[in-house]
Amino acid sequence: MSKQEERPEVLQGTLDLMVLRTLETMGPQHGLGLSKRIEQISGEMLSLNQGTLYPALLRLEQKGWIASEWGVSDNNRKAKFYRLTARGRRQMAAEELNWARTVAVMNRFLRAEGEN
Amino acid sequence: MRTLLTRLAALFRRGSAEREFDEEIRFHLEGLAEEYRAKGLSERAAMEAARRDFGGVEQIREVHRERRGIPAIENTLGDVRYGLRGLARSPAFALAAVVSLALGIGANTAIFSLVNTLMLRLLPVREPQQLVSLYRQGGWGEGYTSYPLYLELKRRTDLFEGLLARSSAWRVRYSLGGQRGEPAFLYREYVSQNYFEVLGVGPLLGDVFAGADGARNSRPVAVLSHAFWQSRFGGDPAAIGRQMVIDEQAVTVIGVAQKRFDGVQVETRTDVWMPVTMSRSKYENAGMQWLWLLGRPAQGVGRGRLQAAVSVLVKGFLDHEYGSKPDTPWKRKSMEQRLEVRSGGVGVSLLRERFEEPLIVLLLVVGLVLLVACSNVANLLLARAAARRREIALRLSLGASRIRLVRQWMTETSLLGAAGMAGGALLGVWGSRLLLQFIPRDETSLPLNVQPDLNVLGFTVAVSAAALLLFGLVPALRASDLQPNDALKEGGAGGAGSRRNRLRKALVVAQVALSAVLISGAFLFSRSLLEMRSTDPGFRNFDVVSFHLDAPRSHTPQQLDQLRDRLLRRALELPGVVSASSGFPGPYQGGIWSGDVQVPGSRKGSGMVYVEMQSAGPRYFETIGSMPLRGEDFTEANVLPGRKVAIVNEAFVREYLPDSDPLQRELSDDDAGAGGTIQIIGVVRDMRHRGLRERVMPTLYLPVSQAKNSSDPVLLVRSRLGSAALSAALRAEVKKLDPAVAAAGLKTVRESVDDSMYVERLVAAVSGLFGVLALILAGVGLYGVMTYLVVQRTREIGIRVALGASPGRVVWSVARESLVLMGCGTALGLPLAVAGSRLAESLLYGVRPGDPATFVWSGCALLAVGVAASLMPARRAASIPPRQSIVE
């Protein structure tokens, strides 16, 4: 448990972008696959209760950025697959831009603080 | 938008979404577990590890659930379902709560309906709140005033933009063009020409009156009310221009007034309006008080200025009218008249005068009843909360949010409130009809229109909402104000929860205090009514049947006199009839006759004195059961043409002839100049002829044949057979003698006397009913709390019994607690009741407001209820076996 406490919590919003990006590169995925992929890429630097993924998925689906349907997994079991919609694709570009801006602003801030 | 739609859609497939999500989670967990198994963990360890990675399943599920639909609506629907299920599980609780509330709300709605009808409902006219009513006081009667005074006031256009006059709505015969057969009746109101114009009521069809007053020779016309036009003419537009015969007078219908308008008097409804100038009475006489004035003040004339100006005007008018007349008591009384400016938007009403104060007292009574009901329901809810502590604690510890619990709780209480409101509204409508039964009326008068309107609806909703807040919020907050661990650790019957107990006890004390007020009121008003009923009116024969003759106008007074004589003779031949007579105004017939008479040699001087008068036929006093104390009753032998005789009452003798033998004395007529003297031939007891509250005035009884004013004497017949049989026989007899005439208003004197006490009966009935109800509710509340306390103390009592406490001591320890509660409530309530009784002082008769006996009895009633309510719990406590409770 103590190991986990050192890892930063996932920021609300960044999780959305991670999901969208993962779906873009990997194609349709079920929740388990998504969470594994996110953990893998973040290099286990993030603490993610995998369950928290689901409310995010629901939110994205309600916004119409992703869609879901039932399919069959690799091990031949029924699973719900999520895929990026056309709107989601467009939205991702905007989200990426947003994120880049946020990072830039934060960086500038941190550097300015450091100089003082 | 899209989100909203999908969410809305989700509302309808809630169950399937839930299942789908479960499946998704299961897939996820099993996938994770499989990996852990592959790493070599046991089945169980793998599943645990998977759960750890996933995080709190229930929490995620809850978050997911809330985001899936629209939480507000979904939760509310869920809460309602949950609430209904909860209530269905304890039907006794739900029923008790709903019935308490329905009674409380219903009682308030019923009384308020009457208040609304009599005092609040605005007339359906243009800007009703501008209207003022000129209410006459002083002199004889009230409300109505004379036509000459109206003309005088109307001239003052600087004061009034418009001033109208209207008579009361009289029930008269009518026919439509030459029809014969059973007489039909309508309510006719005489109005000034500007009536409709001042009110701003237009014609629906044809015309309403217009033009100047006093156009005496204009053709006789009438305007119909919409309702009358619908019912009698079937809404036929051809009614305009039709001829009608109203009260033997041919008139032409010129128009129909706008819908919903049926006159300005609350307790009557007008069918037909006719101009004042068509009245065949001496309407230009300043002594004839028959018109009620309503007006719109001119721009910028305030109520105060208007009142001052009107008072000056009335005084000037009276001076001019009576100033030069000789100084008699009659003149002084005439000059006491004054007009009071009141708001007229709610219409005019004589009933309001009598009923306003009792209604406000009743409104207070039912307000208290609602408070009692609320505290009862609050107590029930607290008991329920106590019973559900563990359930709530469990849900709290499982992660249910506190606010959600409060909301659920409030939903449940709101359901109770809504059911109570619905039940209350129904009870209220029914109750207001029931209340109307107390207001006396005969076949000739219409019932008050207590149809619920927006005012009543708003009131009911507001009262229910207030009640909901009162009884619902506190238990709700209490219920969630709970530490899960404490409640879970507590044993079923253990745990102090003393704060909760304090609250419940406080509620019971409040309930008892309010009940003390209500039951004292009930005692006070019932005693007052009993006192009144046992008041001796001065005569004994309450079984006498009284009635009037309802004859067409074409019958002359002489014809009617002869008819009455023949009828009385025939009545005496009817089986069972003991005696028959007539008189005016007669016992409890409403109406008053008074005049001046000279008592030569009286110690009050030889001037005119003002006395009440009554006309009486032969054997009048024998018939009503009050034989003269001295002298004799009127008979055919002592009432002879050319000889004036009179009978006086004791008050007359006390006042004017205390020192001499009244039978030796003579009186003079008011127009004594003509030289007639009146021989006193008898003295009768003081009789209350009009109302039991009336002070008995010096009264002069004159023979019917000699009285100038006995235009419509009441007929009185006494029979050994029942009044129903007698009434039927009399009706038939009247019809036999003259088919055009009908016997009207057949009633026993007992009924008339009871009718005269309708306010007292209504107040006693309502306060009695609710006093008893409040007492029962208080008893139930006390019983509930005591039972709960005993259950809580099971362990303690068991130990006491095991240590040797006798059953008597145990019973006493329980009873003491209940008596303390009862005592506190009574101690708080009785002073309140004493204070409250002073408010109702004018409604009481024969009982003083602070009447000690009443409050002692109320205290005893409360004590009895307290003992009864603690009996069962105390016996239960005494029967707790020592071992069992220790083992527990």
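Chain A of this predicted model has a secondary structure of 5 helices and 3 strands, and, read from the N terminus, its elements follow the order α-α-β-α-α-β-β-α. Of its 116 residues, 27% count as buried. Where contacts in chain A join residues at least 6 apart in sequence, 51% of them link residues at least 24 apart.

The average pLDDT of the chain is 79, and 81% of the residues score at least 70. Among its elements, β3(A) has the highest mean pLDDT, 89, whereas helix α1 (residues 2-5) of chain A has the lowest, 38. The pLDDT is below 50 over residues 1-7 of chain A, a stretch that has 4 contacts in the model beyond near neighbours in sequence.

Between the two chains, 17 residues of chain A are in contact with 19 residues of chain B. On the side of chain A that touches chain B, two or more residues come from each of α3 (31-41), α4 (53-63) and β3 (78-84) of chain A, and the largest share, 6 residues, belongs to α4(A). Sorted by class, this side of chain A holds 5 nonpolar, 8 polar and 4 charged residues.

The next topic is the nonpolar interior. In soluble globular proteins, nonpolar side chains tend to be buried together. The largest nonpolar core in this model has 155 residues, and those with the most contacts inside it are Val369(B), Val377(B), Leu518(B), Val717(B) and Ala774(B). Helix α12 (residues 351-387) of chain B supplies the largest share of this core, 19 residues, and at least three residues are drawn from each of domain 3 (352-533 + 758-887) and domain 4 (552-740) of chain B. Leaving aside residues up to four places away in sequence, Leu518(B) touches Val365(B), Leu368(B), Val369(B), Phe770(B), Gly771(B) and Ala774(B). A second, separate core has 57 residues, and Tyr144(B), Tyr147(B), Leu163(B) and Val276(B) are included in it.

In helix α22 (residues 749-756) of chain B, the residues Val749(B), Ser752(B), Val753(B) and Ser756(B) are buried. Seen down the axis of α22(B), these buried residues fall within an arc of 100°, and therefore they line one face of the helix. An α-helix has 3.6 residues a turn, so residues three or four places apart point the same way. The packing partners of the buried residues of α22(B) are β12 (545-550) and β22 (742-748) of chain B.

Most residues other than glycine have a negative phi, and most peptide bonds are trans.

| Residue | Phi |
|---|---|
| Arg260(B) | about 70° |
| Arg619(B) | near 60° |

Arg260(B) is found in the loop between β8 (249-257) and β9 (272-275) of chain B, and it counts as exposed because it has 12 C-beta neighbours inside 10 Å. Arg619(B) lies in the loop between β15 (608-616) and α19 (620-624) of chain B; with 19 other C-beta atoms within 10 Å, Arg619(B) is partly exposed.

Conventions
Residues numbered from 1 in each chain as written. Chains lettered and ligands numbered in written order. Predicted model: local features only at pLDDT ≥ 70, side-chain atom pairs only at ≥ 80, totals over all residues. Buried ≥ 20, exposed ≤ 12 C-beta atoms within 10 Å, placed from the backbone. Helix = DSSP H or I, 4+ residues; strand = E, 2+ residues; numbered from the N terminus. Arc of directions from axis to C-beta. Contact = placed C-beta atoms within 7 Å. Nonpolar A, V, L, I, M, F, W, Y, C, P; charged D, E, K, R; others polar. Core = buried A, V, L, I, M, F, W, Y, C linked by C-beta atoms within 7 Å. Domains from an automatic or database assignment. pLDDT = per-residue confidence, 0-100.
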